[in-house]
Amino acid sequence: MTEIGIVIVSHSKWIAQGLVDLISEVAKDVLLTYVGGTEDGGIGTSFEQVQTIVEANEAEKILAFFDLGSARMNLELVADFSDKDIIINNVPIVEGAYTTAALLQAGADLATIQEQLKELEIKK
């Protein structure tokens, strides 16, 4: 198990679940929590749900991935209130989370992971 965890926040439960299914094929030992959609099954995100999955992740250092703007906003708000070290990555959610999980599973350190993610960074 690793001291670094992954958090995934999507507006869609299907996107989040599909990504977790994909990651589970290559990274069974990675600390991973996620949320997709609203509590009633709709499209969206909420501060409360994001806070819940961040706190549920056993790692103290979190690499967070999001799909759209309000998901990022909620991650930023949660980071302001959490004692965890949360690094929000501005990369494509699927490629970024999958790459991170595979590298963590292989035992890569944070610097190596961040170097790989830098190549995926969205510059907008």
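This is a predicted model: local features need pLDDT of at least 70, side-chain atom pairs count only at pLDDT 80 or more; totals for chains, interfaces and linings use all residues.
Colleague: Which feature does UniProt place at residues 3–124?

Modeller: Over that stretch the chain is 47% helix and 20% strand, with the end C-alpha atoms 30 Å apart. Helices (H or I, at least four residues) and strands (E, at least two) are DSSP runs, numbered from the N terminus. UniProt positions follow the numbering used here, feature names are shortened, and annotations may be inferred rather than shown by experiment. The unreviewed entry gives residues 3–124 as "domain: PTS EIIA type-4".

Colleague: How are H4 and H5 oriented to each other?

Modeller: The axes of helix H4 (residues 93–105) and helix H5 (residues 110–118) come within 10 Å and cross at roughly 155 degrees. Axes here are lines fitted to C-alpha atoms, for helices over the stretch in contact, and angles run from 0 to 180 degrees between N-to-C directions. With an angle over 145 degrees, H4 and H5 are therefore roughly antiparallel.

Colleague: Which residues of H5 make the contact with H4?

Modeller: Contact means heavy atoms within 4.5 Å. From the H4 side come Gly 96, Thr 99, Thr 100, Leu 103 and Leu 104. They meet H5 at Ile 113, Gln 116 and Leu 117.

Colleague: Is Ile 113 buried or exposed?

Modeller: This residue sits in helix H5. Beyond four places in sequence, Ile 113 touches Leu 63, Thr 100, Leu 103, Leu 104 and Ala 108. Buried means under 20% relative accessible area, exposed over 50%, and partly exposed in between (1.4 Å probe, protein chains only). At 0%, Ile 113 is buried.

Colleague: And is the crossing of H1 and H4 left-handed or right-handed?

Modeller: The axes of helix H1 (residues 13–24) and H4 come within 10 Å and cross at roughly 30 degrees, which means that H1 is roughly parallel to H4. Leu 19, Leu 22 and Ile 23 of H1 meet Ile 93, Val 94, Ala 97, Tyr 98 and Ala 101 of H4. A crossing is left-handed if the near helix is turned anticlockwise from the far one by less than a right angle, and right-handed if clockwise. H1 passes H4 in a crossing that is right-handed.

Colleague: At what angle do H2 and H3 pack?

Modeller: Phe 47, Val 50, Gln 51 and Val 54 in H2 meet Asn 74, Leu 75, Leu 77, Val 78 and Phe 81 in H3. The crossing is right-handed. Helix H3 covers residues 69–81, and its axis is 9 Å from that of H2, at an angle of about 55 degrees. That angle makes H2 oblique to H3, at about 55 degrees.

Colleague: With which side chain does Thr 45 make a polar contact at 2.8 Å?

Modeller: Thr 45 lies in the loop between strand E2 (31–36) and helix H2 (47–56), and at 18% relative accessibility it counts as buried. A polar contact is a pair of N or O atoms within 3.5 Å; within protein, one must be able to donate a hydrogen and the other to accept it, and residues adjacent in sequence count only if both atoms are side-chain atoms. The Thr 45 side chain makes one with the side chain of Ser 70, at 3.3 Å. At 2.8 Å, its partner is the side chain of Asn 74.

Colleague: Which backbone oxygen does the side chain of Asn 89 reach?

Modeller: Asn 89 is in strand E4 (residues 85–89) and is buried, with a relative accessible area of 8%. Beyond four places in sequence, Asn 89 touches Leu 63, Ala 64, Phe 65, Phe 66 and Leu 117. At 3.2 Å, its side chain reaches the backbone oxygen of Ile 87.

Methods: Residues are numbered from 1 along each chain as its sequence is written. Side-chain values use heavy atoms; hydrogens and water are left out. Angles under 35 degrees count as roughly parallel, over 145 as roughly antiparallel, 65 to 115 as roughly perpendicular and the rest as oblique.
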